[in-house]
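Visitor: I am new to this structure. Please take a close look at a single part and describe what surrounds it.

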Amino acid sequence: MPSLFFNTTVDVDTQSMYQHFLPQIQVHGHILDAGCGSGRDAKAFMELGYQLSAFDGSEAMVNMARNLTGLAVEHSLFKDFRSEQQFDRIWPCASLLHVPYTELSDTFTHLVGG
């Protein structure tokens, strides 16, 4: 199943979403790709000159994203993710759907370090 997800998402064109997100970040800013899946977006952001950190809850997806991006993608769930890094923005593209609605507020607070 992870390889099917990887194969069906890695080449999806998400440029239109980037146009709304990237103007909010200074050039070379640091983005956290939260629930990075295939690593498609992390790779695209890196190619545009941004710094990237990434994590995913699926070990199989983490390995595929590492191979695609060359990043040290972490294996972590949202609730368990910890970092000493500060991020300019968080990119959780299509990954928050895995968080129960009742836990979304706590998840947002946790990710922004509150």
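Guide: Aspartate 41 is found in helix 3, where helices are DSSP runs of H or I with at least four residues, strands are runs of E with at least two, and both are numbered from the N terminus. The model is predicted, so local features need pLDDT of at least 70 and side-chain atom pairs count only at pLDDT 80 or more, while totals for chains, interfaces and linings use all residues. Residues are numbered from 1 along each chain as its sequence is written, and side-chain values use heavy atoms, with hydrogens and water left out.

Aspartate 41 counts as buried because its relative accessibility is 4%; buried means under 20% relative accessible area, exposed over 50%, and partly exposed in between (1.4 Å probe, protein chains only). Leaving aside residues up to four places away in sequence, aspartate 41 touches Thr14, Tyr18, Asp33, Trp91 and Cys93, a contact being heavy atoms within 4.5 Å.

Aspartate 41 also forms a salt bridge with arginine 40, with the closest N and O atoms 2.9 Å apart. The term requires a side-chain nitrogen of Lys or Arg within 4 Å of a carboxyl oxygen of Asp or Glu. Both aspartate 41 and arginine 40 are buried.

By this rule there are two salt bridges. Glutamate 47 forms one with lysine 43, the closest N and O atoms being 3.4 Å apart. These residues both lie in helix 3, four residues apart, about one turn of the helix. Glutamate 47 is exposed, with a relative accessible area of 59%, whereas lysine 43 is partly exposed at 31%.
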